[in-house]
Amino acid sequence: MGEIYIGYHGTTISGADSILSSRQFRFSIKEEEWLGKGVYFFEKDIQQAVNYCVKAKGRKEYSILKSEIEPNICIDLDSTDEMKIMDGIAKSINNRYKKLKDGRERKLKNSVILDKLYKLKPYDVVKKTFFVEKTNPIKDTNFVWVQVQICVRNQACIKTIEEVIRHDGS
């Protein structure tokens with residue numbers, strides 16, 4: 001087995017109840033997902049999951065689930081070697097994937113590249129560090145706000161699920 005990652009998943013209270021009872025997360029399958037199809041977590045940082053619920057989704061009621069994730073194959077997109085592979089796939093598909101199924105222009109072709117990579121090398125998890133949008137560097141430094149996101153494609157590598165925050169709006 002490989003490295004064990006700690007991930008935090010923000011969701012609605014009813015979503016958390018469903019996940020906890022079924023022991024299964026709902027897959028995200030949108031065409032413009034940053035890290036492709038799968039279940040999204042913030043690595044190690046519970047506050048990022050809270051921010052997702054409160055700031056990004058505007059929820060007054062939410063739940064944060066904590067999971068141990070143990071993949072056999074992790075695509076780490078902070079690695080130069082992995083990024084070279086992604087660059088090669090992007091160049092090979094070129095401009096064939098500019099439009100979404102509904103005809104709108106595609107903003108990101110991340111999912112297309114990751115789907116092609118998955119066909120070549122089935123992986124369990126992909127992870128990447130992203131800059132947190134709408135934030136400024138810490139004054140007089142080059143320190144920027146980041147978050148590490150993990151997308152789990154193979155739910156069998158999610159070893160534990162526990163609720164760590166339940167905020168009922170009060």
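Predicted model: local features only at pLDDT ≥ 70, side-chain atom pairs only at ≥ 80, totals over all residues.
**Helix 2 and its surroundings**
- Helix 2 covers residues 46-56, and its buried residues are Gln48, Ala49, Val50 and Cys53.
- At the start of this helix, the backbone nitrogen of Gln47 has a side-chain oxygen of Asp45 within 3.1 Å.
- The cover over the buried residues of helix 2 includes strand 1 (5-11), strand 2 (39-43), strand 3 (62-69), strand 6 and strand 7 (162-167).

**Gln147, a buried polar residue**
- Gln147 sits in strand 6, which spans residues 146-152.
- Why does Gln147 count as buried? Because its relative accessibility is 12%, and the cut-off for buried is under 20%.
- The side chains of Gln147 and Gln48 make a polar contact at 3.0 Å.
- Beyond its neighbours within four places in sequence, Gln147 also touches Phe42, Lys128, Thr129, Phe130 and Val132, among others.

- In soluble globular proteins, nonpolar side chains tend to be buried together.
- Here, the largest nonpolar core holds 16 residues, and Leu35, Leu117 and Val126 have the most contacts inside it.
- Helix 3 (80-93), helix 4 (110-120) and strand 5 (125-131) each give two or more residues to this core.
- Setting aside neighbours within four places in sequence, Leu117 contacts Ile75, Ile85, Met86, Ile89 and Tyr123.
- Another core, of 14 residues, lies apart from the largest one and includes Phe25, Leu65, Val125 and Ile150.

Conventions
Residues numbered from 1 in each chain as written. Heavy atoms only, no water. Core = buried A, V, L, I, M, F, W, Y, C linked by side-chain atoms within 4.5 Å. Buried < 20%, exposed > 50% of the residue type's maximum accessible area, 1.4 Å probe, protein only. Helix = DSSP H or I, 4+ residues; strand = E, 2+ residues; numbered from the N terminus. Contact = heavy atoms within 4.5 Å. Polar contact = N/O pair within 3.5 Å; in protein donor to acceptor, adjacent residues only side chain to side chain.
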